[in-house]
Amino acid sequence: MGSPPFGFLDLQALRANAEELVVQAKGKPLRVATKSIRCLPVLDELLAMGAFRGVLALTLGEALMLDRLGYRDVVVGYPTADREALSLLVANAAACTNITLMFDSPDQLDLVDSVAPPRSRPVLRACLELDASLRVGPAHFGARRSPLFRPAELRDFARQVVDRPGYAPVGIMAYEGQVAGVYDAGRSPRAVAVRAMQRLSKRELRPRRAAAIRAVREVFEPEFVNGGGTGSVGFTADDPAVTEIAAGSGIYAPGLFTRYRNLPLSPAAFFACPVVRKPRADIATVSGGGWVASGTPGADRLPTIAYPEGLSFVANESAGEAQTPLHGDAARGLAVGDLVIFRHAKAGELCERVNELLVIDGECVADRWQTYRGRGVALQ
């Protein structure tokens with residue numbers, strides 16, 4: 001299997017998760033959020049299903065790579081300030097017809113035009129982003145994304161893009177991160193509060209998103225309206241204003257994404273670290289293990305100890321850069337050289353640590369799939 005630490009996939013679980021997301025989407029196409037995948041063979045597996053159509057890239061650099069490799073309908077999910085990548089894009093007329101850039105401000109248009117004035121480049125496809133967060137008085141729930149919150153604000157920006165030479169608006173994004181990206185399972189006060197916030201957000205967003213799309217249609221007819229994410233596929237599928245749903249993390253079902261109610265996913269992505277020390281009979285120390293997820297610091301960003309059961313982190317060391325001591329009765333059965341299996345808290349970040357994923361089909365290693373890292377691709 002190679003030398004640990006290494007990452008691996010449960011192929012049967014991965015396929016079952018993909019099928020579950022298709023069911024949740026209720027016939028609407030799913031656009032693959034590649035930042036949560038970061039492995040081309042996994043991307044190919046999904047796109048071969050038919051229900052997954054098009055990709056949502058993290059950066060323009062990634063989008064250019066995917067375009068070179070023949071992937072069609074690539075939307076960059078975030079605005080870009082990568083001047084080098086923009087120069088490469090505008091020098092490739094075919095790529096300009098395949099890649100859609102994200103905008104929510106005239107300043108972003110100005111930056112693109114400073115790299116390549118409209119008269120010197122092909123027309124660029126543009127997706128405009130509506131802020132789908134929840135605002136209750138001064139409180140803000142959701143990601144800090146677009147400044148375009150009200151339908152009229154999105155319409156007015158659409159007019160600016162239409163009137164500006166060198167751009168063709170083709171799509172709308174409205175990502176409800178406070179629903180799609182915040183787990184809601186459990187009976188804790190936090191879980192109860194999250195569910196209440198999400199109910200309020202759903203009631204507020206649906207009519208506002210519909211009004212925003214109606215307003216935009218006064219200016220141009222969008223090819224697509226993108227919404228959702230793994231945690232809100234079912235809700236977003238029921239919104240008639242949305243034509244496609246983004247999904248990625250649910251394919252791997254990492255630690256954070258098996259804490260959703262009404263979303264039966266199976267853990268599919270793991271990493272393994274070897275035991276290198278036994279400081280005490282009930283403590284097994286593994287090499288490395290500190291693969292902590294991005295986001296608000298907290299215990300939920302730590303890896304989940306998947307196997308053997310009955311282990312926990314040592315409070316004053318937790319998941320460490322050089323070593324991770326684990327304690328519990330299960331440690332008594334571990335010897336130096338044995339493996340401890342973890343799940344990363346988030347999806348694509350696992351692939352930033354390993355060059356390949358061992359593909360487990362049943363009880364055997366069926367293949368080795370190279371990650372972006374293994375291909376020498378850095379997303380940031």
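Which residues is Val112 in contact with, leaving aside its neighbours within four places in sequence? In this predicted model, they are Leu86, Phe103, Arg121, Leu124 and Tyr167.

**The barrel**

- Eight strands form a closed barrel with parallel pairing, in the order β2-β3-β4-β5-β6-β9-β10-β11. On average, neighbouring strands of this sheet are turned by 30 degrees against each other, direction ignored.
- Two bridges join strand β4 (residues 74-76) to strand β5 (residues 99-103) in the parallel sense. Within this region, Val75 stands opposite Thr100 of β5.
- Strands β9 and β10 are paired in the parallel sense over four bridges, and Ala174 has Gly227 in β10 as its bridge partner.
- Strand β10 (residues 224-227) also pairs with strand β11 (residues 244-247), again in the parallel sense, over two bridges. Here Asn226 stands opposite Glu244 in β11.
- In a regular strand, side chains alternate between the two faces of the sheet. Strand β10 is covered on both faces: Phe224 and Asn226 are buried on one side, and Val225 and Gly227 are buried on the other.

**Nonpolar cores**

- The largest nonpolar core comprises 103 residues. Val42, Leu60, Leu66, Ile99, Leu128, Ile251 and Tyr252 are the residues with the most contacts inside it.
- Helix α1 (residues 11-25) supplies the largest share of this core, with six residues.
- Another core, of eight residues, lies apart from the largest one. Val75, Cys127, Val170 and Ala246 are among its members.

**Leu334 and its loop**

- Leu334 is located in the loop between β16 (323-327) and β17 (339-343). With a relative accessibility of 10%, Leu334 is classed as buried because the value is under 20%.
- Not counting residues up to four places away in sequence, Leu334 touches Val275, Lys278, Ala284, Pro308, Leu311 and Val340.
- Leu334 and Ala322 are twelve residues apart along the chain, with a separation of 19 Å between their C-alpha atoms.

**Salt bridges**

- The structure contains 25 salt bridges.
- One of them joins the side chains of Asp73 and Arg31, with an N to O distance of 3.1 Å. This pair links distant parts of the chain, 42 residues apart: Asp73 is in the loop between α3 (60-68) and β4, whereas Arg31 is in strand β2 (residues 30-33). Asp73 is partly exposed at a relative accessible area of 31%, while Arg31 is buried at 1%.
- Asp113 and Arg164 meet through their side chains in a salt bridge of 3.0 Å, N to O. Asp113 lies in helix α6 and Arg164 in the loop between α7 (151-163) and β9, 51 residues apart. The relative accessible area of Asp113 is 14%, and the residue is buried.
- A network of salt bridges links Asp110, Asp113, Arg121 and Arg164. Arg121 is also one of the residues in contact with Val112.
- Arg368 and Glu356 form a salt bridge in which the closest N and O atoms are 2.6 Å apart. The partners are twelve residues apart, with Arg368 in strand β19 (residues 364-370) and Glu356 in strand β18 (residues 356-361). Arg368 is partly exposed, with a relative accessible area of 41%, and Glu356 is likewise partly exposed, at 31% relative accessibility.

**Cysteines**

- The disulfide count is zero.
- Cys96 takes part in no disulfide, and the nearest cysteine sulfur, that of Cys127, is 16 Å away. Cys96 is buried, with a relative accessible area of 2%.
- Cys351 is also in no disulfide: the nearest cysteine sulfur belongs to Cys39, at 5.8 Å. This distance does not qualify because a disulfide requires sulfur atoms within 2.5 Å. Cys351 is buried, with a relative accessible area of 0%.

Definitions and conventions:
Residues are numbered from 1 along each chain as its sequence is written. This is a predicted model: local features need pLDDT of at least 70, side-chain atom pairs count only at pLDDT 80 or more; totals for chains, interfaces and linings use all residues. Side-chain values use heavy atoms; hydrogens and water are left out. Contact means heavy atoms within 4.5 Å. A nonpolar core is a set of buried Ala, Val, Leu, Ile, Met, Phe, Trp, Tyr and Cys residues joined through side-chain atoms within 4.5 Å. Buried means under 20% relative accessible area, exposed over 50%, partly exposed in between (1.4 Å probe, protein chains only). Two strands pair if DSSP finds at least two bridges between them. Axes are lines fitted to C-alpha atoms, for helices over the stretch in contact, and angles run from 0 to 180 degrees between N-to-C directions. A salt bridge is a side-chain nitrogen of Lys or Arg within 4 Å of a carboxyl oxygen of Asp or Glu.
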